[in-house]
Amino acid sequence: MKRIPIIAALALALSLAGCAGTSSGTSATSPEPAAAGGAGSTPSDASDSDPGSHSASDSGAAAQELQLGQPFEVKQSQGTVQMTVFSATYGPTMPGGDLIPAEKGGFLVLDVEFLATEGVGDANPFYLAVKSADGQDGEAGLGAPDALSAGPLQTGESSRGNVAFDVGAGPFTLIVTDDMSANPVAYSLTASPR
């Protein structure tokens with residue numbers, strides 16, 4: 001007689017354990033679609049995971065075409081800057097630096113200006129990232145002639161100079177972030193041959 005309650009208790013325990021295993025298995029798999037870009041994911045989800053990593057998909061929308069010479073606004077933590085890319089050239093060597101080898105195909109050189117239009121802005125080449133036509137990340141290059149100077153900018157101050165990337169062939173995707181390496185916006189960019 002005592003065996004029946006023990007068997008019933010074991011059967012009940014096993015069925016409850018099976019239900020618990022099923023529900024925990026479901027909850028373990030439910031975050032995966034969001035992490036992979038499914039419903040519920042946002043552009044900030046991607047940038048929060050690795051603020052130093054930028055991709056064209058981080059912007060949450062298709063890349064808009066960058067118009068050379070046309071300024072665009074970037075909100076920063078303490079102000080607003082107006083950025084302008086005046087020119088984009090691509091060639092097998094760094095201008096004026098033939099001794100610097102390109103490891104990914106060539107050097108993309110951008111002539112960029114940061115202009116503080118409100119509050120305190122910040123100019124920095126590391127707020128720019130580049131991808132080649134095949135989606136490979138460009139490496140920020142050293143030794144660009146007339147390189148962009150980094151630093152804070154009071155309202156009305158500007159910094160203009162070159163930013164270079166060792167990158168494969170274009171057309172390119174330029175990713176621009178704010179001073180916190182967040183809120184990326186992607187632009188399609190075609191460079192002139194050099």
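Predicted model: local features only at pLDDT ≥ 70, side-chain atom pairs only at ≥ 80, totals over all residues.
View 1. N183 counts as exposed because its relative accessibility is 56%, and the cut-off for exposed is over 50%. S181 lies in the loop between β10 and β11. S181, not a glycine either, has a positive phi of about 55°. Most residues other than glycine have a negative phi.

**View 2. The cis peptide bond between G170 and P171.** G170 and P171 are joined by a cis peptide bond, with omega about 10°. P171 belongs to the loop between β9 and β10. Most peptide bonds are trans.

**View 3. S159 in strand β9.** S159 is part of strand β9. With a relative accessibility of 10%, S159 counts as buried, since buried means under 20%. A polar atom of the S159 side chain lies 2.8 Å from the backbone oxygen of S149. Neighbours within four places in sequence aside, S159 contacts V112, E113, F114, A123, L148, S149 and L153.

**View 4. The largest nonpolar core.** This core has 27 residues, and M83, L108, L110, F114 and L174 have the most contacts inside it. At least two core residues come from each of β2 (72–75), β3 (79–91), β4 (106–119), β6 (128–131), β9 (158–167), β10 (172–176) and β11 (185–189). Another core, of 5 residues, lies apart from it and includes M94, F107, V109 and A144.

**View 5. The surroundings of L110.** Not counting residues up to four places away in sequence, L110 touches V85, S87, A88, G161, N162, V163, F165, L174 and L189.

Conventions:
Residues numbered from 1 in each chain as written. Heavy atoms only, no water. Core = buried A, V, L, I, M, F, W, Y, C linked by side-chain atoms within 4.5 Å. Buried < 20%, exposed > 50% of the residue type's maximum accessible area, 1.4 Å probe, protein only. Helix = DSSP H or I, 4+ residues; strand = E, 2+ residues; numbered from the N terminus. Contact = heavy atoms within 4.5 Å. Polar contact = N/O pair within 3.5 Å; in protein donor to acceptor, adjacent residues only side chain to side chain.
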